[in-house]
Amino acid sequence: MVDKRTAHEASLRIPLIVRSPQLTKAAKVIPQQVLTVDVAPSLLALCGAPALENIHGKSFVKLVQGGDPDWRKSWFYHYNYEKQFPYTPNVRAVRTDDWKFIHYPHGDGTADRHMAELYNLKNDPGETKNLIGKPELADKVKELQAELAKLMLATGLDSKTDKMPIDEGVKSALPDAKIR
């Protein structure tokens, strides 16, 4: 992994520690996935301010105080290739509680040129075994691809609106010798 732009756990995970006596009196660990887009709606809820409209985040107040059966079960990550950081291609990924599917679209509608990735995070939290080539997991890949498409569409992205640059690759440049 070259930098924080990848869709791997070491890049995606950010600890969230909240201290708010009005939220909960005792310390709690919440196993559900809370995203950075959830921070603003949660702060507004804690302040008693009206919720924002048309945002992707959701207040985690209900989740912390007593559970939220409607809490998200999946979310998507995307990154677009940048010439100045050519080591990370275009990335589109979906993360569920137990699985992650990552693919790397080229940017021109043609087939991906980089191998996709599939991880069972329950059995392999360090993402050491890419399962994408396992025929017995073909249905899981299709399920995750459909979930990714659904999540992207919910934020306004589809094959026509998901504009991304052409992945020009690293070309002849190599990463700095200190990070190779």
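1. The side chain of Arg72 reaches the backbone oxygen of Gln33 at 3.3 Å. Arg72 also has a polar contact of 2.7 Å with the side chain of Asp38. (A polar contact is a pair of N or O atoms within 3.5 Å; within protein, one must be able to donate a hydrogen and the other to accept it, and residues adjacent in sequence count only if both atoms are side-chain atoms.)

2. A word on the source: this is a predicted model, where local features need pLDDT of at least 70, side-chain atom pairs count only at pLDDT 80 or more, and totals for chains, interfaces and linings use all residues. Residues are numbered from 1 along each chain as its sequence is written, and side-chain values use heavy atoms, with hydrogens and water left out.

3. Where does Arg72 lie? Arg72 lies in the loop between α3 (61-66) and β1 (74-79). Helices (H or I, at least four residues) and strands (E, at least two) are DSSP runs, numbered from the N terminus. Arg72 is buried, with a relative accessible area of 18%. Buried means under 20% relative accessible area, exposed over 50%, and partly exposed in between (1.4 Å probe, protein chains only). Not counting residues up to four places away in sequence, Arg72 touches Gln33, Val34, Leu35, Asp38, His56 and Lys58. Contact here means heavy atoms within 4.5 Å.

4. Arg72 also belongs to the largest pocket. This pocket is lined by 42 residues, and Gln33, Val34, Leu35, Thr36 and Arg72 lie nearest its centre. About 1,400 Å³ of space lies in the largest pocket. A pocket is an open set of points on a 1 Å grid over the protein atoms alone, where a 1.4 Å probe fits, with protein on both sides within 12 Å along at least five of seven lines; lining residues have an atom within 4 Å of a point. Grid points are joined across faces, edges and corners, and a volume is the space filled by probe spheres set on the points.

5. Which strand gives the largest share of that lining? Strand β1 does, with five residues. The lining divides into 24 nonpolar, ten polar and eight charged residues. Ala, Val, Leu, Ile, Met, Phe, Trp, Tyr, Cys and Pro count as nonpolar, Asp, Glu, Lys and Arg as charged, and the others, Gly among them, as polar.

6. Now β1 itself. Five of its six residues are buried. Six bridges join β1 to strand β2 (residues 91-96), and the two run antiparallel. Two strands pair if DSSP finds at least two bridges between them. His78 has Arg92 as its bridge partner in β2.

7. Trp99 lies in strand β3 (residues 99-103). Is Trp99 buried or exposed? Trp99 is buried, with a relative accessible area of 14%. Leaving aside neighbours within four places in sequence, its contacts include Val94, Leu118, Tyr119 and Leu144. Trp99 and Ala7 are 92 residues apart in sequence and 12 Å apart in space, C-alpha to C-alpha.

8. Check two backbone angles. Most residues other than glycine have a negative phi. Asn54 has a positive phi, near 55 degrees. Asn54 sits in the loop between α2 (39-47) and α3, and is exposed, with a relative accessible area of 79%. Glu127 also has a positive phi, of about 50 degrees. Glu127 is in the loop between β4 (117-120) and α4, and is buried at 11% relative accessible area.
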